[in-house]
Each structure stands twice: as structure tokens, then as C-alpha cells.
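Subject: Handover of a protein structure

Dear colleague,

Please find below the structure that I am passing on to you. I would be grateful if you could read the notes with the structure open beside them.

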Amino acid sequence: MAITYTDAREFTENDLKELFLSVGWLSAQYPARLKKALDHCETVYTAWEQDKLVGLVNAIDDGELTAYVHYLCVDPTYQGNGIGKELLKRIKEKYQSYLYIILIAENEPLIAYYKQEGFSLYDGRYVFMVQNET
């Protein structure tokens with residue numbers, strides 16, 4: 001399996017829809033909006049097997065101190081091959097001079113994965129979200 005990585009935003013709405021559907025994320029239902037959102041992020045790295053989008057990470061940053069990793073997703077049929085690790089490595093390299101790289105883990109396996117990749121869990125922090133139905 002030959003995976004290539006790029007920061008070029010050559011993905012289509014359909015590429016994004018298929019990847020996000022593979023991981024069961026709600027964003028897949030809004031491919032046009034998802035593409036627009038990713039096109040406006042400061043950082044997007046993608047992983048490809050030939051012409052198939054198999055992984056993606058993006059970050060939003062303030063230009064100096066803090067970067068927020070919003071999405072890290074790898075098609076489940078490609079997980080376990082180091083793709084997520086490589087995508088996170090690229091994020092950590094780009095933001096190495098920042099004070100914080102922040103991400104949210106929703107469950108224990110993700111918490112364990114991010115710890116393995118050098119992130120620390122900060123207890124006592126809460127994330128608040130408003131989800132609009134539009």
C-alpha cells in the first residue's frame with residue numbers, strides 16, 4: 001500500500017463525503033459545507049492511496065500560540081497502518097513553536113491513542129457545544 005501525503009487541497013466534495021461516511025461522522029451529510037469549511041482552514045493535510053482519500057487532519061490556529069485540531073480521520077479499512085500517526089506528525093511539526101496544540105477525544109480508545117502520540121490529557125476541562133439543526 002503506497003500512501004501519499006499532501007497539503008494541497010485537491011479533494012472533492014465526494015472525496016470528503018466518502019471519507020467522513022466511512023467513520024460515521026455527521027459532517028458527511030453536508031459535503032459542500034464540509035469542503036468550504038476545510039478550504040478556509042489554516043492547515044489541512046490529506047492521505048491518499050492513488051486517487052482515494054483515506055485520511056485527513058485539519059487545524060485552525062490563531063497565528064501564534066494555539067492550534068486546534070478539528071478533524072483527524074482515517075478510513076477504517078486503512079487504520080493501523082500509521083496514517084493517523086503521520087498526519088499528526090505533520091501537524092506537530094508545523095505547530096512546533098506554538099504553546100498549545102489542542103484536540104478533543106471523545107472516548108477512551110482515542111484518549112489512549114492521543115497519549116501514545118505525545119498529547120497530554122488535562123482533567124477538569126469541559127467542552128461546550130451548540131449544534132444547530134440547519
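The notes below go from the overall fold to the side-chain contacts.

The model is predicted, so local features need pLDDT of at least 70 and side-chain atom pairs count only at pLDDT 80 or more, while totals for chains, interfaces and linings use all residues. Residues are numbered from 1 along each chain as its sequence is written, and side-chain values use heavy atoms, with hydrogens and water left out.

Overall fold

The protein has 4 helices and 5 strands, in the order β-α-α-β-β-β-α-β-α from the N terminus. Helices (H or I, at least four residues) and strands (E, at least two) are DSSP runs, numbered from the N terminus. Buried residues make up 36% of the 134 residues, where buried means under 20% relative accessible area, exposed over 50% and partly exposed in between (1.4 Å probe, protein chains only).

Salt bridges

A salt bridge is a side-chain nitrogen of Lys or Arg within 4 Å of a carboxyl oxygen of Asp or Glu; the count comes to 5. In one of them, Lys 35 meets Asp 39 with the closest N and O atoms 2.8 Å apart. These two residues are 4 residues apart in helix α2 (residues 31-39), about one helical turn.

Glu 117 and Lys 85 form another salt bridge, at 3.4 Å from N to O. Glu 117 lies in the segment after α4 (108-116) and Lys 85 in helix α3 (residues 83-94), so the pair ties together parts that are 32 residues apart in sequence. Glu 117 is buried at 7% relative accessibility, whereas Lys 85 is partly exposed at 44%.

Aromatic pairs

The whole structure holds 6 aromatic pairs. Rings of Phe, Tyr and Trp (its six-membered ring) pair if their centres lie within 6.5 Å; planes under 30 degrees apart count as stacked, over 60 as edge-to-face and the rest as tilted. Tyr 114 and Phe 119 form an edge-to-face pair, 6.0 Å centre to centre with 75 degrees between the planes. Tyr 114 is buried at 8% relative accessibility, and Phe 119 is buried at 13%. Ring pairs also link Phe 20, Trp 25 and Tyr 71 into a cluster.

With kind regards
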